Amino acid sequence: MAAPVRSATDQPGLFAGRSWWMYLVAMALMTGGYALGQLSGPGWLKSGLVFNLIGGSSVAALIVGARRNSGRSRLPWYLFAVGQGLFVTSDVLADNYERLFGSALPFPSIADPFHLAFYPFLFAGMVLLIQIGRASCRE
C-alpha cells in the first residue's frame with residue numbers, strides 16, 4: 001500500500017510543532033515593544049511600521065494556520081485573513097497618505113473603503129465558524 005500524499009505544510013520539520021509558539025513569542029515581544037515605545041521609545045518604534053508589521057504578520061499566520069489545522073473548514077479563516085489584509089492596507093494608506101499623495105489625509109480618504117471592507121469579511125467568517133460549530137455539535 002502506498003503512503004498517503006502529504007502537502008508541504010504537513011511535513012514535520014525542525015520547527016513544525018513549535019512554530020505557533022515562536023510566532024506567539026515574537027508577536028508578544030513586538031507588541032510589548034510597540035506599547036513601551038509609545039511611552040519612551042525611539043521614533044521608529046513609535047511609527048506605524050511596527051503596528052502594521054504586527055497586523056500584516058497576522059494575515060500570514062491566519063493563512064498558514066488554516067492550511068495546517070482546518071481541514072475542510074478553511075474558508076472562515078481565509079475570510080479573516082482577507083479582512084485583516086484590508087484593515088492593514090487601510091492603516092498603511094492612512095499612515096502614509098502625506099508621503100504617498102503629497103497632501104494631508106482628507107475625509108473621506110482612499111483608506112476608508114479598505115477599512116470599511118474589513119467588516120463584511122469578519123462578519124462572514126464569524127457566521128461560517130458558527131455554522132461549522134453547530135454542524136459538528138449535531139454529528
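Contact here means heavy atoms within 4.5 Å. The model shown is predicted.

**View 1. Packing of helices α3 and α4.** Helix α3 spans residues 48–69 and helix α4 spans residues 75–95. Their axes lie 9 Å apart, at an angle of about 165 degrees. Angles over 145 degrees count as roughly antiparallel, so α3 and α4 are roughly antiparallel to each other. Their crossing is left-handed.

**View 2. Residues where α3 meets α4.** From α3 come Gly48, Phe51, Asn52, Gly55, Gly56, Ser58, Val59, Leu62, Ile63, Ala66 and Arg67. Facing them in contact, α4 supplies Trp77, Tyr78, Phe80, Ala81, Gln84, Gly85, Val88, Asp91, Val92 and Asp95. By class, the residues of this α3–α4 contact comprise 11 nonpolar, seven polar and three charged.

**View 3. Close-up of Gln84.** Gln84 sits in helix α4. Its side chain forms a polar contact of 3.4 Å with the side chain of Ser58. Neighbours within four places in sequence are left aside here. Beyond them, Gln84 is in contact with Gly55, Ser58, Val59, Leu62 and Phe118. Among these, Gly55, Ser58, Val59 and Leu62 belong to the α3 side of the α3–α4 contact.

**View 4. Packing of helices α4 and α6.** Helix α6 covers residues 111–138. The axes of α4 and α6 come within 8 Å and cross at roughly 165 degrees. The two helices are therefore roughly antiparallel to each other. The crossing of α4 and α6 is left-handed. Their contact has 21 nonpolar and six polar residues, and no charged ones.

Technical notes. Residues numbered from 1 in each chain as written. Predicted model: local features only at pLDDT ≥ 70, side-chain atom pairs only at ≥ 80, totals over all residues. Heavy atoms only, no water. Axes fitted to C-alpha atoms, helices over the stretch in contact; angles between N-to-C directions. Helix = DSSP H or I, 4+ residues; strand = E, 2+ residues; numbered from the N terminus. Parallel < 35°, antiparallel > 145°, perpendicular 65-115°, else oblique. Left-handed = near helix turned anticlockwise from the far one by under 90°. Nonpolar A, V, L, I, M, F, W, Y, C, P; charged D, E, K, R; others polar. Polar contact = N/O pair within 3.5 Å; in protein donor to acceptor, adjacent residues only side chain to side chain.
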